[in-house]
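Have a look at it first, and then read on.

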Amino acid sequence: MTQASPASVPLPPPDATRRIICCEYCPVACGYQVYSWPVDRAGGPAAADNAFGVDFPVAPLSGRWISQNMHTVTNVDGKLSHVVIIPDADIGAVNVGGTHSVRGGALAQKLYTPQGPTSDRYQFPMLNIRGDFVPIPWEVATELVARLSQHTLDNYGELAWGMKIYSYQFFENTFAASKLALKEIGTPNFSPHHAPAEGDDTPGLSDVGIDAFSASFEDDKAADVLFIAGSDPYETKTVRFTTWQAPGEATIIYVDPRRTFTAAYAESRGGLHLQLLPGTDTALYSAIAREIIAQGWEDTSFIRDHTASRAELDAEGKWRRKMFGGTFDEMREYLFSQQDFSLEGVEQATGVPADKVRRAAELMTGGGAAERPKTTILIEKGVYWSHNYENTAAIGNLALVTGSTGREGRAVSRMGGHQRGGVKAAGYPLDKSPHEFEGHKLEMDTERWFAEGNTRFRWIVGQNWIGAMGASHALADAAARLTSMGPPVVSPDPDRAFDALARRMDEGGTVIVHQEIYPNDSVQYADIILAAGAWGEDTYARANAERRIRLYEKIADPPGQAMSDWKIFAAVGRAMGFSGFDWADTNEIFEESGPRSAGSRKDYAALVEKAQTDGIRGHDLLKSFGNTGIQAPIGIDASGNLTETPRLHADLKFKSDSGKANFILADWEAVKRRNEILGPIGDELWVTNGRVNELWNNLSDYVRREIATARWPMNWLEISPADASARGIESGDLVSIESDNVLDQLGNVTSGSFTAAAYVSDIVPDGVTFTYFLYPGQPANTVVSGDSSLQPLNLRYNFKLGKGRVRKIGTTDLASRMSFAPRNLTPA
Amino acid sequence: MAKLTRREFLLLGVAAGATAAVGVVVPLAVTARDTVGAGDQAGALVGVFSPKRIASLADLEVGVPVAFDYPNSGQTNYLVKLAAPVATGQGPNGDLVAFSRICTHMGCVIDQFDAATETLGPCPCHFTTFDFAKDGGVVLGQATQNLPRVLLNIDGDDVQATGVMRLIYGYNNTLLDVASVGSSA
């Protein structure tokens, strides 16, 4: 009956094939069940007639309803099939009860369909011939990449050979890529999708001695107080908020320049919104810590027993820790030496009223009550992509003062930007890096190196590279300049194509290989496009933000001749004459990579070891844990059973030479000097940026998803009513955002601009605007500086500190079809 | 019949050819997938049923929702007279809209309507908010489709519900079980 009706979503029949997978997007990684079956039939609404074993209609909160966006039709194992991707209602963790985000709830729309909006997936490798991307055989593509790589190594050395690759897209792919780039080629010209250099994203917290992913979602629910800074969890880690944070009893202290949903929610339930000015996190966290100490509310016993003495600090081997580490007394002295950290000075410095700072200190500690509340501190990019080292150090100090680590409900942790799928086949060759700070080697700033013309071959894997980096217009200029040198490629003949591209290198230019699934803003600079497989098109493993490792099964076929990333790396590795690239499938890579994960927060070596002992495949053993998975580091007990680790630092031992935690004296004066360089000039406004609920990263899926494009037909700019009125701007107007004060990769002043639809809202304060960070064709990073030397300790961009003049340049029709209603209404 | 889109007009025209007894909510027709209005992101799934009077046109006040069940009892909706005409509005001024208030995320019923912003929600379960002025689209939240829109017809002072566009939470089929439940007012 349902099969014949067009007004329906087909139900999986009882014999539908069932597989497991986790969401592709946010770091929560909800578990999903995938049902596939031939297109010529369907199940029925009676329990006996469908794979769920339930009667339709299903009850509210059942987790068994299939919305239109949970269904698609695509090829599975070579057969045209119905595919339903539905939250796992039986999961024992994460999205308990089968809840989901809007992102995961539309995962089926991610899959390739020949006639649908995903039909423009790359299906063949292609060569750029005079501006046209023409299909070529894989053999030719592989040979070209290998020969060009060898030409680079032979003539310019490994520093001229670069790879920029996602850090998260499954253990098997990142292991294969790093085996080629780090182990065999040994280049330091290697960086992740989100930063100009390898290395730690939260170095201040690491120098404190705390792992950035130490908490478990259970800690959120167990906490009495949640201090959340730099990311709206409802918008971007949805199910963590709706399942683990909101249902708990915790009072929420929320830190953000914007009054987002979570800010309003926190205030409506007895919490606080600390609405700081952009770039002032260090002062705010330090002021709270100072007030706690001033009142005598610090966790004295924790500090006494678990933080380092001067002698222990002096014995530390890590240069940054030696440079900035301090004892509690030294940190107290520093905090009390800064006027901006005082109750009298904090509002001027941060915009946050003193009484809210005082109240935050009281809430986080109990204000001297006999029983200290359990406080968990959660941070994300608004903290560490504002002022990287100082902000993360100040958060670490606050965690130590409040004793927020290593115990149930007491943690400090990143919430994560993406899932955790990185494992490296070899260490990063830091000694080869050309960049340093005061004689201490730093990971190479690969974008500076590229813009200087030092990279002759660059392999970009799985990202909209240029728009994702700071000063993206200047970086695009560099890419255009470096790829236009030498003669054009005029033929798909491998010898002729090689000769032309090698000559470009010899004339000082760069050859760019882009391994992608869709066209994006960066691909236009590619010489060779390698058509890649994607999530769900091979079987992989990955961890979420609480180190929970799950198996992501292959659920659909890749389009055309697109190949899984690991297969491409393996083919090039073999073509270059390297051994160890003859894997038959991803399980072989998973098992090979296990030992390399040992000692990390994602340690799955024991799982691989047990699988081999038991004579089963590593992936199969992982699958036996279902969508609930297993939390790393994984151990093995005396009986041979695997053990998991809900939270790190449970022994109150920290990642330092002494095993003690260290206070880090974050340099607020350095932050202030940087803010003067980065801050708005004249009539510029702050242009901060981030993600929102309905969208994800570079939108490669989302610009092909009607539910997303209907909500956000173009990029938008949240602007306050006063700032809008002063500029004659109304919601739906087309505005330009321009700055002539952007620093490029070499530190030169350049300009940047993009356009957006105005969204007039008091979610942002006067002087501050907000936009999506990587909307195709309208990238916000054009007005973000790309000079990593501003943060010389760790070579990171100040992504959140963009700026620009905002003016109306026209109108759109969006007011009639896009909602401009407030996004921070709270439930009664 | 006032202010229906061309597509809705055609749909109801088709339905009229299969008219069933007035007074009982009976499925009359289903439609093919199509796109109607802003934010109708996944194609319109429409069930057309026998008309049911849901309100007096003269009694409607701007921003004051009128609750009614349709097409089944328990399938609760809000009829709202908006402050201004909208693209999908009906009635003499194009300002009448009606949507299911069963959240299309996980099926919870939403009571909270904010007249100032013309939004429904946040849903008490997972906080999705919907915009009545933008075809029941999601303002912020986790639902993967717009709210089901109730098609309206104006007959004198009677505001009638005549069909439902899009799947209602819990159902795999717009017409499932409808014939066995409910009767019109």
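Of the 828 residues in chain A, 64% are buried, meaning that 20 or more other C-beta atoms, placed from the backbone, lie within 10 Å of the residue's own. Please keep in mind that this is a predicted model, where local features need pLDDT of at least 70, side-chain atom pairs count only at pLDDT 80 or more, and totals for chains, interfaces and linings use all residues. Residues are numbered from 1 along each chain as its sequence is written, while chains are lettered from A and ligands numbered from 1 in the order in which they are written.

**Overall fold of chain A**
- Chain A has 27 helices and 33 strands, taken as DSSP runs (helices H or I, at least four residues; strands E, at least two) numbered from the N terminus.
- The C-alpha trace of chain A spans about 70 × 70 × 65 Å along its principal axes.

**Where chain A touches chain B**
- Here 44 residues of chain A are in contact with 48 residues of chain B, contact being C-beta atoms, placed from the backbone, within 7 Å.
- On the chain A side, α26(A) gives the largest share, four residues.

**Helices α2(A) and α22(A)**
- Helix α2 (residues 171–185) of chain A packs against helix α22 (residues 586–597) of chain A at an angle of about 70°, with axes 9 Å apart.
- The two helices α2(A) and α22(A) are therefore roughly perpendicular, a label for angles of 65 to 115 degrees.
- Phe171(A), Glu172(A), Phe175(A) and Ala176(A) of α2(A) meet residues of α22(A) including Ile589(A) and Phe590(A).

Key: Axes are lines fitted to C-alpha atoms, for helices over the stretch in contact, and angles run from 0 to 180 degrees between N-to-C directions. Angles under 35 degrees count as roughly parallel, over 145 as roughly antiparallel, 65 to 115 as roughly perpendicular and the rest as oblique. Two residues are in contact if their C-beta atoms, placed from the backbone, lie within 7 Å. A residue is buried if 20 or more other C-beta atoms lie within 10 Å of its own, exposed if 12 or fewer, and partly exposed in between; C-beta atoms are placed from the backbone.
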